[in-house]
Every structure is written in structure tokens, then in C-alpha cells.
Amino acid sequence: MVSQVDRKLITRKSLMDSALALVAEGNHYSSLSLREVAKRAGVAPNAFYRHFKDLDEMGLALADEFGLLLRLIMRQARLQGLAADSMISDSVNFYVEYVQKEPALFRFMAQSITGGSPAMREAMRNELGHFANEMVTDLNRLGILPHISVTDMNMLGHLAIQTVFGNTTEILDLPESSDNMIEAIRERCTKQVRLIFLGASDWNVQSEKQQKLEDKASRKKKMFKIK
């Protein structure tokens with residue numbers, strides 16, 4: 001027999017899955033109504049409030065689910081065995097694979113990062129930030145780019161993650177049986193991230209500081225000329 005606690009968890013999961021199903025059908029999460037989500041889940045609208053205060057609260061729960069998925073991707077990449085020469089391609093491959101496996105959750109992410117409520121946008125940014133920080137931890141563990149400062153390394157990690165995530169919608173919008181196009185996106189994304197790290201390998205902090213000083217001096221000269 002299913003206990004009351006189990007039934008509650010099942011209903012909660014059903015509501016979240018119903019919202020994702022509606023998103024997968026082309027609806028924007030922010031335009032969903034509580035009533036249609038409950039109807040899709042096969043429960044009365046009033047039953048929704050036993051699990052979530054409103055759709056925003058359910059959206060935050062879905063953001064948590066997305067965060068768990070990102071950690072799963074990172075865990076699988078680590079189990080594959082981190083190697084400096086294949087880390088980028090392996091990570092991109094895992095990401096693309098999960099976008100195809102969980103399209104509704106990734107479409108929800110893409111919607112929420114730009115068009116969700118302020119709380120949902122912040123939650124999604126936090127999840128992506130955690131993912132970037134995990135990647136930076138692995139890069140440091142492998143001793144990659146040791147000359148890069150902590151601040152710049154964090155910036156590099158976030159730039160790489162934003163680049164990878166920027167391909168998400170394009171993957172989701174492809175028709176079925178688009179293996180060649182998926183492979184093209186995978187290769188392009190891998191090259192994009194490699195270019196980021198290639199540029200970082202020649203990053204000279206002292207040169208950057210010198211350039212800032214020169215730019216500052218140039219601005220002062222222009223100001224004096226104007227006066």
C-alpha cells in the first residue's frame with residue numbers, strides 16, 4: 001500500500017512533470033496557469049496548494065531539479081576520468097547528450113534564465129554559477145592555466161559555461177533525426193570553448209595591468225585637450 005507521504009510525493013512530482021510537459025509542448029512557463037497544470041496532473045486545482053504556494057514556488061523546485069541534473073553531468077564527466085586533453089570535448093558531449101535526454105527541463109532553464117520571475121532568474125543563475133565553480137575546481141585540480149588568477153579563472157569558467165549553454169536552444173529546436181546537425185553543434189561548441197582556453201593560455205596579467213594604465217593615461221590626455 002502507498003503511504004500518505006508517498007502519495008504526496010507522487011502528486012508533487014506529477015505536478016512538476018505536468019508543468020514540464022506543457023513547456024515541452026511550446027508553452028512558456030510564465031504563461032502557465034495553476035488550473036491547467038493541475039488538470040494535466042489529474043488533480044483538483046485546490047490540491048495544488050498542498051504542495052506549492054504558487055507557480056513561482058514550483059518553478060524554484062524545478063530549478064533545484066535542474067541543479068541536480070547539472071551535478072549529475074559533472075559527476076559523469078569525473079567518472080569518465082578527467083584528462084586535460086579531453087576534458088572539454090567530454091564535458092560538451094555529456095551536456096549535449098543530456099539536453100537531448102531531458103529537453104523539457106533544459107527548455108524550462110532557457111526560459112527561466114531570461115523570462116522567469118526575478119526569484120526564478122536568480123535561482124537559475126545560481127545553479128549555473130555552481131556548475132561553473134565546479135568546473136573551475138576541476139581545472140585547478142588538473143593544474144590547467146596555473147598562471148591565471150583566482151578572479152580571472154572564475155571569469156573564465158563562467159564564460160565557458162555561458163558559451164556551452166548558449167547552444168541549448170538551438171539543439172532543442174532541431175527536428176528529430178538531426179544527428180548530423182547535432183554533431184555540427186557539438187563540434188562547434190567544443191571549438192568555441194577550446195578557443196576560450198587557448199586565449200587564456202596567453203593571458204598576461206601584467207600586460208593587462210599595463211594596458212589599463214595606458215588607457216587611463218590616454219583618457220586623461222583627452223580630458224585635458226577638451227578643457
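Predicted model: local features only at pLDDT ≥ 70, side-chain atom pairs only at ≥ 80, totals over all residues.
1. Residues are numbered from 1 along each chain as its sequence is written, and side-chain values use heavy atoms, with hydrogens and water left out.

2. Have a look at H1 (residues 4-24) and H6 (residues 103-115): these helices pack at an angle of about 75°, with axes 9 Å apart. H1 is therefore roughly perpendicular to H6 (the label covers 65 to 115 degrees). Helices here are DSSP runs of H or I, at least four residues, numbered from the N terminus. Axes are lines fitted to C-alpha atoms over the stretch in contact, and angles run from 0 to 180 degrees between N-to-C directions.

3. Who does the touching? H1 brings Leu20, Val23 and Ala24, while H6 brings Ala104, Leu105, Arg107, Phe108 and Gln111 (contact means heavy atoms within 4.5 Å). By class, that is six nonpolar residues, one polar and one charged; Ala, Val, Leu, Ile, Met, Phe, Trp, Tyr, Cys and Pro count as nonpolar, Asp, Glu, Lys and Arg as charged, and the others, Gly among them, as polar.

4. Check Leu145, in the loop between H7 (118-141) and H8 (150-165). Leu145 is not a glycine, yet its phi is positive, about 55°. With 11% relative accessibility, Leu145 counts as buried (under 20% relative accessible area, 1.4 Å probe, protein chains only).

5. Ser177 sits in the loop between H9 (168-172) and H10 (179-201). Ser177 also has a positive phi, about 60°, without being a glycine. At 75% relative accessibility, Ser177 counts as exposed (over 50%).

Technical notes: Helix = DSSP H or I, 4+ residues; strand = E, 2+ residues; numbered from the N terminus. Parallel < 35°, antiparallel > 145°, perpendicular 65-115°, else oblique.
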